[in-house]
Amino acid sequence: MRSLALPDLPLRWYPRVTQYLDQYRNDPRARETVRGWLRRFPAHRAAIEQALARERLPLGLASVAMVESGFSPSALSSRGAGGYWQFIPSVARGYGLEVTFWVDERRDLEKSSAAAAKYLADLYQRFGSWELALAGYNAGVFAVLESIIRYNTNDYATLGRVEAGLPWETTEYVPKVLAVAIVERNHDAFGIDEPPADAPRPFDVVSVPPAVSFDRLAARLGVGSDELAALNPIYPRRRTPPERGPTPLRVPAGAAARAGGRALADLRPDNLEPVVVRPGETLLRLARARKLSLARLRLINTVADDGEVTPGTTILVPRAAPARVTSKDKDAVHQVVRPKMATGVASARKPTTPR
């Protein structure tokens, strides 16, 4: 252990840190998990370390993203935390990230890393140690503050040892982050050969009209829709947002040029129109009002849980077909617009006979 290269994170050799290091060295399953994280790290390193450097934070904090999501933008916890850094929606919005029905910037590497760096800097400013800052990142600020006040100490080791101090999950989380930061600096010592790095996907940015599905766009460009989804994880519905103008979208490098410059400008959603959900409305009521199946409405909007659709949400519904105008309808309209004119003498009005 004395020969290990240590990260720039100040740490103490807690027993649980040592146990995690032993696990990552001797447990094949745990070692393979870390190996996967390290394989994906090079494609994300630059954006994460730039964000940490802007806030003058230790670069070893990249291990937080490793442990939180394994660098998977679509990672989602049972508590609603999502994205690379597993922000809950309220904290994400508090640090400037857009989290709506159509857009989730927790899945944007650059923006979420910038927000995470600011959040970690605030936590360190509040607690004064990286152990407590990491505890606050996992358990929440108020849970750590309550524990500090209850036991009148800000020593992480003490708070993790006393009964009803820090949550058990947090006492596992902090040493795990520290251990992973050590493993990242010492591949050979843990029997992890240098894994082949995932190369970042080259892409171009194009402007796409609102409410266009990735399937239609992929067909126009001659690429796979899954490839578009991987390049644009911030659009979880696999469609450009319908409630705003043209949207910048990443596409495989050269695909737009091969398809032609005007190939994307005329893309429009197939017979769909945006509708804002009003208070009291549900997907089921909207489906019934539009005389279509609930399954189809869910499919159009990529809805897995109807609770995602709340008042104020803009969703897409099939556009109502215009009624067919018959010759009888045309005659009726003509009579209303052009009433018959009197012929010469004004017609005398019959006096009404009182009953």
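Where is the place of G140? In the loop between helix 6 and helix 7. Helix 6 covers residues 130–139, and helix 7 covers 141–151. We will come back to that loop. One caution before we go on: this is a predicted model.

Start with the whole chain. The protein chain has 355 residues, and 44% of them count as buried. Its secondary structure comes to 15 helices and four strands. Now the contacts. Take those with a separation of 6 or more: 66% of them join residues 24 or more positions apart.

Look across to T170, which sits 30 residues away along the chain. The C-alpha atoms of G140 and T170 are separated by 9.8 Å.

Next, helix 9. This one runs over residues 168–185. How far apart should its ends be? Helix 9 has 18 residues, and at 1.5 Å a residue they should span 26 Å. The expected span takes 1.5 Å times one less than the number of residues. In the model, the end C-alpha atoms of helix 9 are 27 Å apart, which agrees. And is helix 9 mostly covered or mostly open? Mostly covered: 14 of its 18 residues are buried.

Now T313. Find it in the loop between helix 14, residues 294–301, and strand 4, residues 314–318. The relative accessible area of T313 is 9%, so T313 is buried. What does T313 touch, leaving aside residues up to four places away in sequence? The list is F101, V275, V276, V277 and E308. The backbone oxygen of T310 lies 2.8 Å from a polar atom of the T313 side chain.

Last stop, the surface, at the start of the chain. M1 lies in the segment before helix 1, which covers 15–26. M1 has a relative accessible area of 53%. Exposed means over 50%, so M1 is exposed. M1 also belongs to a nonpolar surface patch, made together with L6 and W13. That patch comes to about 310 Å².

Methods: Residues numbered from 1 in each chain as written. Predicted model: local features only at pLDDT ≥ 70, side-chain atom pairs only at ≥ 80, totals over all residues. Heavy atoms only, no water. Helix = DSSP H or I, 4+ residues; strand = E, 2+ residues; numbered from the N terminus. Buried < 20%, exposed > 50% of the residue type's maximum accessible area, 1.4 Å probe, protein only. Patch = residues over 30% accessible without salt bridge, like charges linked within 9 Å, V, L, I, M, F, W, Y side chains within 5 Å. Areas by Shrake-Rupley, 256 points an atom, 1.4 Å probe, with all protein chains shown as cover. Salt bridge = Lys/Arg side-chain N within 4 Å of Asp/Glu carboxyl O. Polar contact = N/O pair within 3.5 Å; in protein donor to acceptor, adjacent residues only side chain to side chain. Contact = heavy atoms within 4.5 Å.
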